[in-house]
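This report describes a single protein chain for a reader who is meeting it here for the first time. Please look over the sequence and the model before going on to the sections below.

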Amino acid sequence: TIMQAMRVPVRVKVLTDSLTGEPAIHHPVEFMTWGQGSRLAIAPAFSDDSVLVVETDASGVAQAYWRLGEKSGTQILKLDAGNISGSPRLVTATASPAFPALLLLTDGNEQSGIIGSRLNKAFRVRVTDLYRNPVADVQVRFTSTFDGTFDGAPMVTKMTNSSGEAACFYTLGPTSGYAHVARAEAYVEER
């Protein structure tokens, strides 16, 4: 999940000779991440470090804790042991969005039409976390607040897709005039 630390530290073993397996002791390893909000630390308490140099221990191992950044999707950590064969290496992690926090109307507002007709544009909403990452599989309830319907009913529930979007067309009712005709609400079950 975004803005969360990985459960275990990222560990790298550095060898001076890959044939003999001799560890490189006290060898500096640079850990570098560049995602917005991504941080590194020697212990699970994080400060503002996105670059951290750690010396290998007696077994040739260096480790760092990695907190993923604000954006969902693939995040990258670069490990650089200098002139050691196989260096640098990239480590990736996939960050999922945080808990849904925002429901944004993205399309369908300010429409007009003929009594009894379906409006040209669907009402479209996007559900995101606090960092504006889309959140999939959230129930969005579209409710008519006037005399029209969504898909033939006064209320309909749609699930958000992988882009965090849900959409539904509105059909005007028999009453003419200007009115606020719809409301959208997102419902999330506890994870």
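## A histidine in a loop

H27 has its place in the loop between β3 (22-23) and β4 (28-33), where strands are DSSP runs of E with at least two residues, helices are runs of H or I with at least four residues, and both are numbered from the N terminus. This is a predicted model, in which local features need pLDDT of at least 70 and side-chain atom pairs count only at pLDDT 80 or more, while totals for chains, interfaces and linings use all residues. Residues are numbered from 1 along each chain as its sequence is written, and side-chain values use heavy atoms, with hydrogens and water left out.

The relative accessibility of H27 is 19%, so this residue counts as buried; buried means under 20% relative accessible area, exposed means over 50%, and partly exposed lies in between, with a 1.4 Å probe and protein chains only. A polar atom of the H27 side chain lies 2.7 Å from the backbone oxygen of A81. When neighbours within four places in sequence are left aside, H27 is in contact (heavy atoms within 4.5 Å) with V14, V54, E55, T56, A81 and I84.

## The chain as a whole

The chain has 17 strands and 0 helices. Its C-alpha atoms fill a box of roughly 85 × 25 × 25 Å along the principal axes. The radius of gyration of the chain is 26 Å, whereas a compact globule of 191 residues would have one near 16 Å; this radius is taken over C-alpha atoms, and the globule rule is 2.2 Å times the number of residues to the power 0.38.

Of the 191 residues, 33% count as buried. Among the contacts with a separation of 6 or more, 60% come from residues 24 or more positions apart.

In soluble globular proteins, nonpolar side chains tend to be buried together. A nonpolar core is a set of buried Ala, Val, Leu, Ile, Met, Phe, Trp, Tyr and Cys residues joined through side-chain atoms within 4.5 Å. The largest such core in this chain has 20 residues, and V29, F31, W66 and L77 have the most contacts inside it. The elements that give two or more residues to this core are β1 (10-13), β4, β6 (51-55), β7 (61-67), β8 (73-80) and β9 (89-95), and β7 gives the most, with 3 residues. A second, separate core has 15 residues, including V125, V140, C168 and L172.

## Aromatic pairs

The structure holds 4 aromatic pairs, a pair being rings of Phe, Tyr or Trp (its six-membered ring) with centres within 6.5 Å, called stacked when the planes are under 30 degrees apart, edge-to-face when over 60 and tilted for the rest. The rings of F123 and Y170 have centres 6.1 Å apart and planes at 85°, so this pair is edge-to-face. F123 is in strand β11 (residues 123-128) and Y170 in strand β16 (residues 170-171), so that the pair links distant parts of the chain, 47 residues apart.

F150 and Y170 also form an edge-to-face pair, with 4.9 Å centre to centre and 65° between the planes. Because F150 lies in strand β13 (residues 149-150) and Y170 in strand β16, this pair ties together parts that are 20 residues apart in sequence. F150 has 0% relative accessibility and therefore counts as buried. Ring pairs link F123, F142, F150 and Y170 into a cluster.

Definitions and conventions
Polar contact = N/O pair within 3.5 Å; in protein donor to acceptor, adjacent residues only side chain to side chain.
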